[in-house]
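Subject: Structure for your review

Dear colleague,

Please find below the structure that I would like to hand over to you, followed by an account of what was found in it. I would be grateful if you would read the two side by side.

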Amino acid sequence: MSGRDYARLAEAFRRAGWVPDGGCLALASPGERVRADLDARAHAGVLTRLFELGHDVDAAALREALGEDALAAARAVGVVEDAGAGRVRCPGVIARVGKGPDGLWLMGDRDLATSRGALGGDHVSALTHASLTLHRLLGTTARGRVLDLGCGSGVHALWAARHATHVVATDVSERALAITRANARLNGLDVETRSGSLYEPVAGERFDVVCSNAPFVITPPSAGERLVYRDAGFPGDTFVRDLVRGLADHLNEGGRGYVLANWFITDTDAPSAGVEGWLTDQPVDAWILGRDQMDAASYAAHWVRDAGYEGPHAHERARAWARWLEEQGIAAIGMGIIAVRRVGSARRGAIRTDWAHAGQPLPHPEQIERVWDGIAALSDADDASLDAARPRPIVELKESRVLALGTGRADTHTLVPAPADAALGQVVTNAPALAVLGALDGDLTLRQAAVAVATLMDLDAQAVTDAARDLLREVVARGMYVLD
Ligand SMILES: C[S@@+](CC[C@H](N)C(=O)[O-])C[C@H]1O[C@@H](n2cnc3c(N)ncnc32)[C@H](O)[C@@H]1O
């Protein structure tokens, strides 16, 4: 196989009009996959059926779709093989993801939608929903030197390679690294691959961006075959702990780290305490965004099903897994995102934790930046400086009230961002604090607005100031207001 074969193949895909178009059949629902099959016409349709839907296709139709040279290239690189009776198949998948110049073709193994039976121990997905979660956080902001730790098919490394100066992709799986290199060739992109666990392959090096859709699944040591794509082989949640704790040492000042994580929760009243403990002495501003919590049984059942195990044997596996989790003394498993920005030597880092409400969208890169800016601004701000600040909103906010029926009184007041900023969450507060916030437009100080509201509402000025200051801290840390 050679780079020329991949280039020939990519050229044939373009000629056939089989280019990334914003959809992603690899992650589509069964219904959408059937619809795509019904719609699959002409040359691009043959390629969709073969590479994305996992069907055997007529060899002559594929020859027509790709042309003789590209068909030979497809065979040479191993994405097409004979299936007998004049038909051919793709042993894996080629997923199309993204759109236009940011789109990618991604080779990987067949997933549950296209394979028969459970996933193998050395399985490498083209991409998963978790891959897209990490991509949503990063967008196209990965510039400078980028590290993709646990690269799998290379999806993040390749997305980054369009804008970064240098991308290093690491993995313990030689198969994953080979697939990353092949995907780089197919997309005409440049990525350096290195083999090794955690930060071993980049010891002593620093990056502007470190990202990892890590093998974060908390698996019992006795789970049988290790599924390397999701199990790092470390006890409990210590792989994610070491990954998170190693970020600062591998980031340049101002560098960003993005990690998807699962962690032990021992006390459901403090569900982020464990992760916060990993970060407390680290020179980073950290935003921990919890997205979900699962009890041991649901967690075990979810991951057993995710690997394609079914039937009584699967139930047995899940039961043993859940029992092991309970023996570890956990109350639940936390799942979420950890985003950090390396601070300089002038100050210590600060940590902000939020838990997303159901249906809250993922933040995009600019929103994460605003949250980091807010965390940094607050870390230097005492009460007096906040009272003297002239804050102003930087996102559109609305007030939502719940009225106690028959009384005309509002029970709760909630600050709700416009849909574009729904990822920043909602803030519950009280009427006086909200009135102060509403008056802040960059001219008045917090104290001036609080005194005016207290006078109008006939309330104690200090109490209103204190409540408004608490609210201000909240909206600044959520990237909704800036202090100025
Ligand atoms: C969940 S997959 C993510 C793949 C890809 N980054 C994505 O987003 O689709 C995790 C990857 O981490 C790799 N991995 C497993 N254990 C590792 C370790 N100890 N150090 C580094 N990578 C590891 C796996 O081989 C797998 O490719």
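What distance separates the centres of domain 2 and domain 3, taken over C-alpha atoms? In this predicted model, the two centres lie 34 Å from each other.

**Domains and the contact between domain 2 and domain 3**

The protein chain is divided into domain 1 (3–98), domain 2 (129–379) and domain 3 (383–482). Domain 2 brings 17 residues to its contact with domain 3, and domain 3 brings 12 residues. On the domain 2 side, strand E13 (351–355) and helix H13 (365–379) each provide at least two of the touching residues. The most comes from H13, which gives 8 residues. Sorted by class, the residues on this side of domain 2 are 8 nonpolar, 5 polar and 4 charged.

**The packing of H13 and H17**

Helix H13 also packs with helix H17 (residues 461–477), at an angle of about 140° and with the axes 7 Å apart. An angle over 145 degrees would count as roughly antiparallel, and 65 to 115 as roughly perpendicular; H13 and H17 are therefore oblique to each other. From H13, the contact is made by Val 371, Gly 374, Ile 375, Ala 377 and Leu 378, and from H17 by Arg 473, Val 476 and Ala 477. This contact of H13 with H17 consists of 6 nonpolar, 1 polar and 1 charged residues.

**A sheet of three strands**

An open sheet contains 3 strands in the order E1-E3-E2, and their pairing is antiparallel. Strand E1 (57–58) and strand E2 (81–84) are the edge strands, each pairing on one side only. E1 is joined to strand E3 (residues 87–89) by 2 bridges, and these two strands run antiparallel. Within this pair, Val 57 is placed opposite Val 88 in E3.

**The hairpin of E4 and E5**

Strand E4 (residues 93–97) and E5 are antiparallel and are joined by 5 bridges. Together they form a hairpin with 6 residues between the strands, and Gly 98 in the turn has a positive phi of about 80°. Val 97 has Leu 104 in E5 as its bridge partner.

Is strand E5 (residues 104–108) mostly covered or mostly open? E5 is mostly covered, as 5 of its 5 residues are buried. Leu 104, Leu 106 and Gly 108 point one way from the strand, whereas Trp 105 and Met 107 point the other way, and all are buried.

Most residues other than glycine have a negative phi. Two residues may be looked at with this in mind.

Ala 85 is not a glycine, yet its phi is positive, at about 55°. Ala 85 is found in the loop between E2 and E3. Is Ala 85 buried or exposed? A residue counts as exposed if 12 or fewer other C-beta atoms lie within 10 Å of its own; Ala 85 has 8 such neighbours inside 10 Å and therefore counts as exposed.

Asp 484, also not a glycine, has a positive phi of about 55°. Asp 484 belongs to the segment after strand E18 (481–482). With 11 other C-beta atoms within 10 Å, Asp 484 is exposed.

With kind regards

Notes: Residues are numbered from 1 along each chain as its sequence is written. This is a predicted model: local features need pLDDT of at least 70, side-chain atom pairs count only at pLDDT 80 or more; totals for chains, interfaces and linings use all residues. Two strands pair if DSSP finds at least two bridges between them. Helices (H or I, at least four residues) and strands (E, at least two) are DSSP runs, numbered from the N terminus. Domain bounds come from an automatic or database domain assignment. Two residues are in contact if their C-beta atoms, placed from the backbone, lie within 7 Å. Ala, Val, Leu, Ile, Met, Phe, Trp, Tyr, Cys and Pro count as nonpolar, Asp, Glu, Lys and Arg as charged, and the others, Gly among them, as polar. Axes are lines fitted to C-alpha atoms, for helices over the stretch in contact, and angles run from 0 to 180 degrees between N-to-C directions. Angles under 35 degrees count as roughly parallel, over 145 as roughly antiparallel, 65 to 115 as roughly perpendicular and the rest as oblique. A residue is buried if 20 or more other C-beta atoms lie within 10 Å of its own, exposed if 12 or fewer, and partly exposed in between; C-beta atoms are placed from the backbone.
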